[in-house]
Amino acid sequence: MDKEISRREVLIKGGTLAATGALVAAGGIAATGNLINDAEAARAGEKKGYPYPYKNMNPQKCAEIAYNNWYKNFCAYGTASGIIIPQRKLVGAQWNSFPIMSVKFGEGGVEGWGTLCGTLLGAGVAVSLAAGHEGEPIINDLMQWYSETSQPVFKPANPRAQFKSMTTSNSPLCHISVGKWMAAEKKGLGSAERKDRCARLCASVAYQSAVLLNQWADGKYKPSHNVKQSAVGITSQNNCEECHGDKIPDTI
């Protein structure tokens with residue numbers, strides 16, 4: 001008897017689901033929460049609402065926001081906020097609803113793993129929101145600029161710590177960038193100087209992102225670098241031995 005009831009219940013429920021599916025397919029009902037409809041809505045939303053409207057920004061103001069916000073939620077958040085917060089004031093619309101805290105996980109090269117620098121991750125998200133697929137060359141140029149420029153470029157009006165060293169990472173990776181600077185300055189990861197260095201780096205990347213986005217919006221942007229795989233034949237860097245081997249920075 002129990003088996004019959006269970007089987008009957010299964011058949012009834014299955015028939016109900018099948019009927020619902022037929023109605024949805026026929027357009028008879030709008031099934032809110034249906035996975036297929038949600039996917040279609042997401043695709044439609046991407047076409048209509050992505051990328052976001054963009055207006056030119058003051059790079060210096062972007063840098064100052066990024067610098068101060070590093071001290072709130074670190075590198076990825078700080079850099080993204082340096083672009084997103086000005087756009088909230090200039091444009092509003094979708095920028096107001098984007099949760100900047102969603103990129104906080106990028107701190108320390110993604111939860112302290114020392115991979116891609118959080119400043120580049122945060123900038124990449126913000127540039128993508130503004131320029132969509134057209135922002136990909138901008139992000140590529142940011143990666144190259146970050147890697148080959150003596151950093152940090154930005155100097156705050158009221159720094160929270162003082163230091164002398166600026167270093168060239170030759171890499172977009174957090175652990176290389178920070179490690180080289182720590183070795184040059186002889187300061188530990190938890191030092192006030194290292195923290196301020198990373199806050200200034202946030203500001204530097206936000207500033208450069210704003211410069212490139214403004215050029216793009218004005219129709220004046222021209223990519224400066226080829227994508228890495230076309231240059232080295234693999235989706236990687238070709239200077240790994242610089243740090244791996246006997247040149248790994250000591251733990252401080």
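Reply: First, a definition: helices are DSSP runs of H or I with at least four residues, numbered from the N terminus. The model is a predicted one. Val110 lies in the loop between α4 (93–97) and α5.

Me: Why is Val110 called partly exposed?

Reply: Its relative accessible area is 27%. Buried means under 20%, and exposed means over 50%. The value for Val110 falls in between, so Val110 is partly exposed.

Me: What is to be noted about phi of Val110?

Reply: Phi of Val110 is near 75°. That is a positive value in a residue other than glycine. Phe74, in helix α3, also has phi near 75°.

Me: Why is α5 called roughly antiparallel to α6?

Reply: Helix α5 (residues 118–131) and helix α6 (residues 136–148) pack at about 160°. Angles over 145 degrees count as roughly antiparallel. Therefore α5 is roughly antiparallel to α6. Their axes are 10 Å apart, and the crossing is right-handed.

Me: Which residues make the contact of α5 with α6?

Reply: On α5, they are Thr119, Leu120, Ala123, Gly124 and Val127. On α6, they are Ile138, Ile139, Leu142, Met143 and Tyr146. By class, eight are nonpolar, two are polar and none is charged.

Me: What makes Gln215 partly exposed?

Reply: Gln215, in helix α8 (residues 192–217), has a relative accessible area of 31%.

Me: How do you know that the peptide bond from Tyr50 to Pro51 is cis?

Reply: Its omega is near 0°. Pro51 lies in the loop between α2 (35–49) and α3 (59–90).

Methods: Residues are numbered from 1 along each chain as its sequence is written. This is a predicted model: local features need pLDDT of at least 70, side-chain atom pairs count only at pLDDT 80 or more; totals for chains, interfaces and linings use all residues. Side-chain values use heavy atoms; hydrogens and water are left out. Axes are lines fitted to C-alpha atoms, for helices over the stretch in contact, and angles run from 0 to 180 degrees between N-to-C directions. Helices (H or I, at least four residues) and strands (E, at least two) are DSSP runs, numbered from the N terminus. Angles under 35 degrees count as roughly parallel, over 145 as roughly antiparallel, 65 to 115 as roughly perpendicular and the rest as oblique. A crossing is left-handed if the near helix is turned anticlockwise from the far one by less than a right angle, and right-handed if clockwise. Contact means heavy atoms within 4.5 Å. Ala, Val, Leu, Ile, Met, Phe, Trp, Tyr, Cys and Pro count as nonpolar, Asp, Glu, Lys and Arg as charged, and the others, Gly among them, as polar. Buried means under 20% relative accessible area, exposed over 50%, partly exposed in between (1.4 Å probe, protein chains only).
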